[in-house]
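I opened this notebook to keep track of what I looked up, one topic at a time. The entries below go from the whole chain to single residues.

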Amino acid sequence: MSPPSFLSSIFALVSLAGLGLATLFDMANGPGIARQERIAPTPAPPQSAKDMARLFSEVRFYVANRYAMKDQFVTWNGQVKIGLFGHSPAPNVAFGRDGFMFLNTAAPIAIAQGQGRLTDEDAVSWRDHFKSAQETFEVRGISYAFVMGPNKHSIYPDLLPHWLSPAPADHTRTADIVQAVDDVSLTPFDSRAALQQARANDPERLLYHPTDTHWTEWGAAIVIDQTLAALGVPSERPVVMEANLPRSGDMARMIGQQDIRSASAPVLVANYACTDGSGNPFEITTIDPITPGHLTCGTPQGRPDRIVVFHDSFGIPAIPYLASRFKKVEFIRTDMADPAHAEELGADIVLQIIVERKLWSQQPSDFLSIQDRDR
């Protein structure tokens, strides 16, 4: 081995050993900030020999997700690639116009380009699914609505990257599904129109975070308000204000810019409280969100209707609007609506909030509990 190769090998070993020791030191120091603990909890000390297998598994997970200086390395990588080469350092993030970032994965890009259009057989499958879901909830005396959270690409097509030419909105897979379920007595299924109108009425008020994949609290509130109105709940536009946010979005995090780029957005007045599945208070952050699988939120002054929400990450920005309007709302993190579970929770209304891109990558059967599909 030549001297330069030998020295570089020694340097690499010392560097890796140093990072390993720093990681172990961080772990021994105890829990980190709340967000870090939700991503990879600090392993608890073993209480017995039987705990050792559990400890080794938890340590591996911790090291893989929270090794020392990981966030700093991601930030440095982003600064170099953006500063020197002017391109995104993360393949899943595409730079659009006016500071907007877009998710650069197969589903939203395919939908934007008009790929994956429905066959006649596919259309029947989607129609039958929603008809079945509607009837299954109605039998239990529960009002049901499927709420589509549009991809950011669908609401801000003019800000997409220059290399992405979107298809007309009515020539997409989403439009095909909307047409297929047109004769099913659902609430307004196509939420794109409401958001596009809101953008036209007030172009400066953000409906989606520029550096995040999700809609803002204001964007979610517009769609949820429209949905509830269709279910017979009087419309009530919330009090909204512009605020600086505690962190930037998930796409800024992916490229190492979360601590560099500031973010602001229209937010709702937080006159509600939430608890997790263990009954502990939980504070909601709706940008780059991480939440438990089950949250209970509400306000004592709210409406008495019992709401159960089955949702993916797009349901989290809807929490402020729903929790400030109702006494008790159950938020359950899952793509699959479960009528039996909703009935156990005493639901009057069930909302199923799913992002648009999943209508491209998943099948109708992925959205309704099998046991209830067979009723």
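**Entry 1, ground rules.** I am working with a predicted model, in which local features need pLDDT of at least 70 and side-chain atom pairs count only at pLDDT 80 or more, while totals for chains, interfaces and linings use all residues. Residues are numbered from 1 along each chain as its sequence is written, and side-chain values use heavy atoms, with hydrogens and water left out.

Of the 375 residues, 49% count as buried, where buried means under 20% relative accessible area, exposed means over 50%, and partly exposed is in between (1.4 Å probe, protein chains only). The accessible surface comes to about 17900 Å², and 55% of that belongs to carbon and sulfur atoms; the areas come from the Shrake-Rupley method with a 1.4 Å probe, and for residues only the protein chains shown count as cover. Among contacts (heavy atoms within 4.5 Å) with a separation of 6 or more, 72% join residues 24 or more positions apart.

I looked up the largest nonpolar core, which has 50 residues, and found Tyr156, Leu207, Ile224, Leu228, Ile319, Leu322 and Leu351 to have the most contacts inside it. Such a core is a set of buried Ala, Val, Leu, Ile, Met, Phe, Trp, Tyr and Cys residues joined through side-chain atoms within 4.5 Å. Helix α10 (residues 217-230) gives the most to this core, with 7 residues. Another core, of 26 residues, lies apart from it and includes Leu118, Phe130, Tyr144 and Phe146. I then followed Leu207 and, leaving aside neighbours within four places in sequence, listed its contacts, among them Ile155, Tyr156, Leu195, Trp215, Trp218 and Ile222.

Which residues of α8 are buried? Helix α8 (residues 173-180) is mostly covered, with 7 of its 8 residues buried, and these are Arg173, Thr174, Ala175, Asp176, Ile177, Val178 and Ala180. What covers them includes α5 (106-112), α6 (120-139), β3 (143-149), α9 (192-201) and α14 (358-361).

Asp176 lies in helix α8 and Arg117 in the loop between α5 and α6, so the pair ties together parts that are 59 residues apart in sequence. Asp176 is buried at 12% relative accessible area, whereas Arg117 is partly exposed at 37%.

I also looked up Glu343 and Arg140, whose side chains meet in a salt bridge at 2.3 Å, N to O. Because Glu343 lies in helix α13 (residues 339-344) and Arg140 in the loop between α6 and β3, this pair ties together parts that are 203 residues apart in sequence. Glu343 counts as partly exposed at 42% relative accessibility, and Arg140 is buried at 16%. Elsewhere, Asp202, Arg205 and Glu242 are linked in a network of salt bridges.

I placed Asp305 in the loop between β7 (294-298) and β8 (307-311). Is Asp305 buried or exposed? Asp305 counts as buried because its relative accessibility is 17%. It forms a salt bridge with Arg303, the closest N and O atoms being 3.0 Å apart, and Arg303 counts as partly exposed at 27%. Not counting residues up to four places away in sequence, Asp305 touches Phe326, Lys328 and Asp348.

Asp276 lies in strand β6 (residues 273-276) and counts as buried at 18% relative accessibility. A polar atom of its side chain lies 2.9 Å from the backbone nitrogen of Ser278. Leaving aside neighbours within four places in sequence, I found Asp276 in contact with Phe282, Pro292, His294 and Leu295.

Terms used
Helices (H or I, at least four residues) and strands (E, at least two) are DSSP runs, numbered from the N terminus. A salt bridge is a side-chain nitrogen of Lys or Arg within 4 Å of a carboxyl oxygen of Asp or Glu. A polar contact is a pair of N or O atoms within 3.5 Å; within protein, one must be able to donate a hydrogen and the other to accept it, and residues adjacent in sequence count only if both atoms are side-chain atoms.
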